Amino acid sequence: MKLDIIDHLPESLLELPATELHRHLDGPTLIHLPGRKPAPLFVSVLQHGNEVSGWEAVRRLLKGRYSRDPLPRSLILLIANVRAAARGQRRLADQPDFNRCWPGGNGAKTIWHRLFSEITEHVRQLKPFASIDIHNNTGQNPHYAAVNRIEGQRLHLASLFSRTVIYFTEPSGVQSMAFGEFCPAVTLECGLSSRVDGTDHAMAYLESVLNLDQLPDSIPAPEDLELYQMFATVTVDEDIDFGFSPDASQLQLTPGLDRMNFSEMPPGTRLATTVNGTVSPLKALRHDGRDVTGQCFRQTSSEVVTTRPLMPAMLTTDINIIRQDCLCYLMERITLSGPSVGTGPDQPQSELPETLP
Ligand SMILES: [Zn+2]
């Protein structure tokens, strides 16, 4: 797999929807565009082929005033999975998840790991101003930004997109973690791919960041930021037949579960109904590998209910996503107690009274 690096926008590329890009690009492509400030902004789109808001935002931004005016800052654009985008899929069956193949990830090293390592080294040399990786998700979620370190510059970068910011350190091998080693890096989640408000939001954000001179080092004020930490992933046992309709033979997940994203579910919230004597259908694994199912859920004769206040993110009603990835992540809120926190970024305080061990 060869990395394509070009220093101009191929003619008419901006006219193409994500599904057509593969006709002009062979694979992952870096495009360098000069701007008035030389330290480039790195922007990554279409790591997941069906998450098109990033590409839509970039093409609208560049087709607008910057088709006449110079960019305020140089831009390096990564257009990632054009083959999956052609089919409207997150990834193809013969591909790994691109956003698990960046330096720092676990698992077998593939041609993709080498490619993303090459991109990382190339961009590191150019001393980027910041890095923005743009995604969509399924289910009802607010737009939010995610960071991998609690540190002033990247919290400012994140809070310019949304007051809701998520801190995560798992899964590994994600782009923002690799680039976070040498510049402020964020991941954006722009809601549903099909909706134009995600594109509008991402485009306005990119324009703002391109026009920034610098990012403050201080931790943002608490009123500018609601910070959550993902601490566990919830999956459905892979041998279980499940769904949201009464047809599911072993586990019926509660319809409309995704409406609970980013709200605190009180103890006793029903997540699913078990059928035909199914046991232990859901598993909650902490990101250090510890099983915390018993501390989060309880199974009665026919239901799985929560046993403690829990806040889910990325709960989805898409059966394929649940199979391929997970049912949801569980979060707890982190309180930033003012600028002094900047000195101890690795010990965020949680204000949830019941923090899991
Ligand atoms: Zn994604």
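Around the buried residues of helix α6, the covering elements include β3, α1, β4, β5 and β8 (185-189). Please keep in mind that this is a predicted model, in which local features need pLDDT of at least 70 and side-chain atom pairs count only at pLDDT 80 or more, while totals for chains, interfaces and linings use all residues. To find your way, note that residues are numbered from 1 along each chain as its sequence is written.

Helices (H or I, at least four residues) and strands (E, at least two) are DSSP runs, numbered from the N terminus. A residue is buried if 20 or more other C-beta atoms lie within 10 Å of its own, exposed if 12 or fewer, and partly exposed in between, with C-beta atoms placed from the backbone. Covering rests on contact: two residues are in contact if their C-beta atoms, placed from the backbone, lie within 7 Å.

Back to α6. Its buried residues are Gly-198, Thr-199, Ala-202, Met-203, Tyr-205, Leu-206, Val-209 and Leu-210. Looking down the axis of α6, these buried residues fall within an arc of 165°, so they line one face of the helix; the arc is that of the directions from the helix axis to the C-beta atoms. An α-helix has 3.6 residues a turn, so residues three or four places apart point the same way. On the other side of α6, Val-196, Asp-197 and Ser-208 are exposed. The length of α6 agrees with expectation too, because its 15 residues should span 21 Å at 1.5 Å a residue, and its end C-alpha atoms are 21 Å apart. The expected span here is 1.5 Å times one less than the number of residues.

Helix α1 (residues 53-63) also has much of its length covered, with nine of its 11 residues buried. Among them are Trp-55, Val-58, Leu-61 and Leu-62. The elements that cover the buried residues of α1 include β3 (35-45), β4 (71-79), β5 (130-135) and α6 (196-210).

What about helix α4 (residues 152-159)? Six of its eight residues are buried, so α4 is largely enclosed by the rest of the structure. The buried ones are Arg-154, Leu-155, His-156, Leu-157, Ala-158 and Ser-159, and their cover includes β5, β6 (144-147), β7 and β8.

Now to the strands. Strands of a sheet pair through backbone hydrogen bonds, either parallel or antiparallel, and two strands count as paired if DSSP finds at least two bridges between them. Four bridges link β9 in parallel to strand β7 (residues 164-167), where Ile-166 has Tyr-228 of β9 as its bridge partner. Five bridges join β9 to strand β13 (residues 282-286) in the antiparallel sense, with Thr-233 partnered by Leu-285 in β13. Seven antiparallel bridges connect β9 to β17; here Gln-229 stands opposite Glu-332, and Val-234 opposite Cys-328.

Strand β17 (residues 328-335) is mostly covered as well, since six of its eight residues are buried. Three bridges tie β17 to the antiparallel strand β16 (residues 311-313), and Ala-313 faces Tyr-329 in β17.

Elsewhere, five strands form an open sheet of mixed pairing, in the order β10-β11-β12-β15-β14. At its edges stand β10 (242-243) and β14 (297-299), each with a single partner strand, so one side of each is left without a neighbour in the sheet. The pairing of β14 with strand β15 (residues 303-306) is antiparallel over three bridges, and Phe-297 has Thr-306 in β15 as its bridge partner.

Stepping back, the protein is divided into domain 1 (4-217) and domain 2 (232-330), with bounds that come from an automatic or database domain assignment. The C-alpha centres of the two domains lie 31 Å apart. Their contact takes 10 residues from domain 1 and 12 residues from domain 2. On the domain 1 side, the touching residues divide into two nonpolar, seven polar and one charged. In this count Ala, Val, Leu, Ile, Met, Phe, Trp, Tyr, Cys and Pro are nonpolar, Asp, Glu, Lys and Arg charged, and the others, Gly among them, polar.

One last stop is Gly-27, in the loop between β1 (4-6) and β2 (29-33). Gly-27 is partly exposed, with 15 other C-beta atoms within 10 Å. Leaving aside its neighbours within four places in sequence, Gly-27 is in contact with Met-1, Asp-4 and Val-82.
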